[in-house]
Amino acid sequence: MKKIQVDWSLTDALMFDMDGTLWDAVDTYARIWNEVFLRAGREVHVTRESLIRHIGMPIPNIIASMFPDITPDELARFAAELAGEEPVLLARYGGTPYPGVVEGLERLSHKYKLFLVSNCDRHTLPIFMTCIGITPYITEGLAYGNTHKPKGDNMLLLKEKYRLQQPLYMGDIDADGQEAHRVGLPFVHARYGFGQTDDCELAFDSFTDFTEFFLNCK
């Protein structure tokens, strides 16, 4: 895809993916899935390696991809169990923010509106923000679980709601860039995350580098 020509000094909002961009909670997710699947009547062995390849997809898609033999009834039962149990377990086990994320978001919030856009369930973003202490810095988080819409559509919803002129989206996988570009937003790649892509307008090897770049844009 042809890259978008961007005057970064005009950026007025920063939208972020969660997993692989702001924190790493894959080990926790694997632990939760194993526990919840067992409670739902199926013993599985979800590992970090098996799960990380699917991070960034909506939960039903992940389940269907990892367990192609699962029946619709089983999928619905597991999804219901996960929705009920994950909030408690995720708050208990937590995840690890990437270096510079918490401090960087606090500093960036003085110059930009900050948003989260993720394919997670509706309860996950509030728990994530509380876990790492960034709730005061985020204007709004919008998840697949809130709207059942793809990331790009949720980016547009936030853009329209807050009358943003030039927001960007930062994520770590190629699909993040595809969604941002689908709706006309520039994409910034978190190279330190889970995926690889060349389809981006900017890329950074650390969140600290990202922070310094955009603090110096204004």
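The chain contains ten helices and eight strands. Helices (H or I, at least four residues) and strands (E, at least two) are DSSP runs, numbered from the N terminus. The model is predicted, so local features need pLDDT of at least 70 and side-chain atom pairs count only at pLDDT 80 or more, whereas totals for chains, interfaces and linings use all residues. Residues are numbered from 1 along each chain as its sequence is written, and side-chain values use heavy atoms, with hydrogens and water left out.

Overall dimensions were computed for the whole chain. The radius of gyration is 17 Å, which agrees with the value near 17 Å for a compact globule of 218 residues. This radius is taken over C-alpha atoms, and the globule rule is 2.2 Å times the number of residues to the power 0.38. Along the principal axes, the C-alpha atoms fill a box of roughly 55 × 35 × 30 Å.

Of the 218 residues in the chain, 51% are buried. Buried means under 20% relative accessible area, exposed means over 50%, and partly exposed lies in between (1.4 Å probe, protein chains only). The accessible surface of the chain is about 10000 Å², and carbon and sulfur atoms account for 50% of this surface. Areas come from the Shrake-Rupley method with a 1.4 Å probe; for residues, only the protein chains shown count as cover. Contacts between residues at least 6 apart in sequence were also examined: 68% of them join residues at least 24 apart. Contact means heavy atoms within 4.5 Å.

The chain carries 21 positive and 31 negative charges, and their mean positions are 5 Å apart. Lys and Arg count as positive and Asp and Glu as negative; His and the chain ends are not counted. The place of a charge is taken as NZ of Lys, CZ of Arg, CG of Asp or CD of Glu.

Two loop residues are described next. His54 sits in the loop between helix H2 (48-52) and helix H3 (59-66). His54 counts as buried because its relative accessibility is 10%. A polar atom of the His54 side chain lies 3.0 Å from the backbone oxygen of Ser50. A polar contact is a pair of N or O atoms within 3.5 Å; within protein, one must be able to donate a hydrogen and the other to accept it, and residues adjacent in sequence count only if both atoms are side-chain atoms. Beyond its neighbours within four places in sequence, His54 is in contact with Ile62, Ser65 and Met66.

Asn119 occupies the loop between strand E4 (113-118) and helix H6 (124-132). With a relative accessible area of 11%, Asn119 is buried. Not counting residues up to four places away in sequence, Asn119 touches Gly56, Met57, Pro58, Ile59, Tyr144 and Lys151. Asn119 and Leu185 are 66 residues apart in sequence, with a C-alpha to C-alpha distance of 17 Å.

Helix H9 spans residues 174-182, and its residues Asp176, Gly177, Glu179, Ala180 and His181 are buried. The buried residues of H9 pack against helix H8 (151-161), strand E6 (167-171) and strand E7 (187-190). Gly184 follows H9 and has a positive phi, near 85 degrees.

Ile4 lies in the segment before strand E1 (13-16). At 28% relative accessible area, Ile4 is partly exposed. Ile4 and Cys200 are 196 residues apart along the chain, yet their C-alpha atoms are separated by 8.5 Å.

Phe204 belongs to strand E8 (residues 202-204). Phe204 is buried, with a relative accessible area of 9%. Leaving aside neighbours within four places in sequence, its contacts are Val188, His189, Ala190, Arg191, Tyr192, Asp209, Phe210, Phe213 and Phe214. The C-alpha atoms of Phe204 and Arg191 are 5.8 Å apart, across 13 residues of sequence.

Positive phi values also occur in residues other than glycine. His148 has phi near 55 degrees and lies in the loop between helix H7 (144-147) and H8. His148 is exposed, with a relative accessible area of 57%. Arg163, in the loop between H8 and E6, has a positive phi of about 55 degrees. Arg163 counts as exposed at 71% relative accessibility.
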